[in-house]
Structures are given as structure tokens and as C-alpha cells.
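Keep the viewer open as you read.

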Amino acid sequence: MVVVSGSNSGALAQDLAEELGWDHHSLEARRFPDSEGYIRIPESAIEAVRSEPVVLVSNTFPDSGIVETLLLLEALRDVRAGNLENLKGIGPQQMDPVGPGVFVAIPYFGYSRQDKRFRPGEAISAKSIGRLLSAHCDGIIVFDLHAPVALEDMPVPVAFTSAMPEIATHLQNTVHPDFILSPDKGAIERASAVAQAIGLPFSYLEKTRIDAHTIIHKAKDLDVDGKIVAIVDDMIATGGTICKAADALRLQGAVEVHACCTHGLFTGGAIKRLMNHVNGVHATSSLANSRAVISGGPALARGVKELLAGL
Ligand code: R5P
């Protein structure tokens with residue numbers, strides 16, 4: 001099989017290909033001056049994507065990533081269907097179809113947070129994006145999705161994979177934590193998997209979100225006096241959640257606090273804000289940023305293997 005990527009996940013696609021021992025091909029993805037995207041499967045990759053099933057690694061973030069992912073999937077499907085007609089008459093115009101076999105591995109699934117309809121008339125965005133992708137591929141691998149339930153009834157197979165094993169190893173080797181904290185109930189499963197992997201005590205905070213920039217944590221006694229604590233979450237955006245949790249930990253005597261997540265969105269000066277509250281920020285390479293110190297390759301590879309094993 002082969003791994004391919006467009007403009008947003010080349011390094012991670014290369015890591016995935018190395019993990020799986022497959023070839024990686026970069027596809028052409030660039031922007032017109034008006035910001036619309038142009039994509040093309042280069043001639044050098046046509047034989048590879050026709051001779052074997054393909055895994056496209058592509059983020060559906062920011063919005064332009066959604067369009068790019070859909071166009072890449074359509075172009076891959078066209079090439080595999082043998083639809084190569086082109087106005088310049090380059091190469092064979094039609095070839096035999098080679099059957100289904102286009103899969104998408106999504107490091108960061110944009111729109112994952114709107115996974116429920118809170119008020120009438122709202123789009124359930126995570127589901128909508130999932131359905132759009134499903135219409136253009138034969139299976140989806142998704143990496144630490146905020147709420148997996150959003151993609152549980154898709155018309156194509158979906159494999160969920162997580163970086164918690166790699167996060168546990170990274171923390172153990174670099175931070176040597178004594179305690180793992182989930183900053184809210186939503187991250188309990190992930191953070192407790194890290195605590196269990198390292199063999200550490202674990203707890204969580206109860207968080208109420210007032211708006212995108214304001215959250216409140218309910219006071220809770222934590223046994224963190226004199227301890228190094230790692231807070232584990234699926235994503236960090238503004239950093240507000242982590243800053244509040246870190247403050248609560250410091251008040252209770254934690255000597256060092258580290259923030260760790262799969263998806264480092266780090267919006268609007270988040271890293272600067274975080275560094276006033278924590279000793280270190282650690283993220284995976286699902287999104288390119290200065291704190292992406294943990295490769296997402298092994299987790300994506302597990303997801304790809306699980307998806308293929310279930311077909
Ligand atoms: C929400 O439930 C997520 O798991 C994160 O805790 C949240 O999205 C982080 O956002 P921020 O960094 O803006 O507080």
C-alpha cells in the first residue's frame with residue numbers, strides 16, 4: 001500500500017509510511033491567487049496509487065483543509081477508476097478501473113467539538129464533516145477524536161486511534177511525573193490511560209465552560225503536594241482550560257506542572273499564556289507547531305492496521 005499527502009501533513013505522512021514500511025508520495029496541492037485550492041496527482045504517483053490501495057493523510061483543519069482533503073480523495077478515486085481524460089491529451093486518457101481502496105487518515109479532525117445539537121437548528125458539525133468524507137472514501141482513520149460517538153454511524157468503516165501510549169512514554173522519559181490530571185470529565189478516559197500506562201495516581205477536575213474564553217473549575221482536593229503533575233487533554237486551543245487547572249494544582253502544592261495534548265491548536269498566543277502557568281507544553285505532530293515533540297506516526301499506523309484488519 002502507499003501513503004500520500006497534500007499540503008498539510010507531509011511530515012506525519014512520511015512518519016506513517018516509515019512505521020508501516022510503505023512508500024510515501026507527495027501530491028500537488030497549492031493555492032490560486034484568490035486562495036482557492038488546486039490539487040493534482042502527479043504523473044510520478046499515478047502508477048503507485050493505481051497498483052495498491054492508498055492512505056491519504058490530511059487534516060480537515062483549518063476550513064481549507066476540508067476542501068483540500070475532499071478534492072484529493074476525489075482525484076485519487078478518479079485515477080483509480082481510470083478516468084484520466086485531460087484537455088492536453090497527456091498520457092492514456094482512460095484505463096481499467098482498479099476498484100475501491102482509498103482511505104483517509106485524519107491527524108486532526110476539524111469541527112470535532114460540535115458533536116451534539118445543543119439548540120434547535122444547529123448543525124452537528126462533526127457528523128456532517130464525517131458524512132462528507134465518507135461519501136468520498138472507503139474508510140477513515142481518526143486520531144484522538146474529541147468525541148468518537150460523533151463518527152459511530154458512518155456509512156464507511158472508521159478506526160479510532162490514540163496517542164496516549166506515546167504520550168505516556170514521552171512523559172515518563174522527559175518529565176518523570178508523579179501524578180496525572182484530566183482537566184475535565186471529557187478527558188478522563190485518555191488521561192487515565194496515560195496514568196495506567198505509567199502506573200501513576202490519577203484524578204480529574206470538574207470544568208464548566210462559560211464561553212470560548214472563560215471556564216471555571218470546581219475546587220477539589222488533590223494529593224499533589226510536592227509533586228510533578230502532567231495534565232493530559234485531547235487538545236489545547238486558547239490554553240484557558242490548562243491554565244486554570246495548573247493554577248488549581250499550584251494552590252495545592254504541585255511543584256511542577258506540565259501540559260500534554262494530542263492536538264496543539266495553540267490559538268491567539270496560547271503558548272505564551274501557558275508558559276506563565278506551566279513548566280512545559282508537549283504535543284503530538286498531528287498539527288505542526290513548536291511543541292510538536294511526539295510523533296503521531298505510531299498511533300496512525302495502529303489505526304491504519306486496525307481499519308484494514310476489519311475490512
Ligand atoms: C474540551 O472539552 C477539550 O477537551 C479541551 O479541554 C478544550 O477544547 C481546550 O480548549 P482551551 O485550550 O481553549 O481551553
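Leaving aside neighbours within four places in sequence, L16 is in contact with V3, V55, V57, G297, L300, A301 and V304, where contact means heavy atoms within 4.5 Å. Before going on, a word on ground rules: this is a predicted model, so local features need pLDDT of at least 70 and side-chain atom pairs count only at pLDDT 80 or more, while totals for chains, interfaces and linings use all residues. Residues are numbered from 1 along each chain as its sequence is written, and side-chain values use heavy atoms, with hydrogens and water left out.

Now zoom out a bit. L16 belongs to the largest nonpolar core, which has 37 residues; L16, L171, I180 and V194 touch the most other members. A nonpolar core here is a set of buried Ala, Val, Leu, Ile, Met, Phe, Trp, Tyr and Cys residues joined through side-chain atoms within 4.5 Å. Buried means under 20% relative accessible area, exposed over 50%, and partly exposed in between (1.4 Å probe, protein chains only). Among the elements that each supply at least two residues of this core are helix 1 (10–20), helix 5 (164–174), helix 6 (188–198) and helix 9 (297–309). Helices (H or I, at least four residues) and strands (E, at least two) are DSSP runs, numbered from the N terminus. Why does this core lie between the domains? Domain 1 (2–162 + 297–309) and domain 2 (164–294) both give residues to the core, so it lies between them. Those bounds come from an automatic or database domain assignment. Apart from this core lies another, of 34 residues, including V54, L56, L76 and L84.

How do the two domains meet? Their C-alpha centres lie 30 Å apart, and 15 residues of domain 1 are in contact with 14 residues of domain 2. Between them they bury about 1200 Å², 54% of it on carbon and sulfur atoms; buried area is the accessible area (1.4 Å probe) that two parts lose on being put together, summed over both.

Strand 5 and strand 6 run parallel, joined by 4 bridges, and V55 has F103 in strand 6 as its bridge partner. In helix 2 (residues 43–51), A45, I46, A48, V49 and R50 are buried, and their cover includes strand 1, strand 2, strand 5 and helix 3 (63–81).

Then there is an open sheet of 6 strands in the order 10-9-13-14-15-16, again with parallel pairing. Strand 10 (202–204) and strand 16 (292–294) are its edges, and its twist averages 35 degrees from one strand to the next. Strand 9 (residues 179–182) is joined to strand 10 by 3 bridges, and S182 stands opposite Y204. Helix 5 runs at about 150 degrees to strand 14 (256–264), whereas helix 7 (residues 240–251) runs at about 165 degrees to strand 13.

Terms used. Pairing = 2+ DSSP bridges. Axes fitted to C-alpha atoms, helices over the stretch in contact; angles between N-to-C directions.
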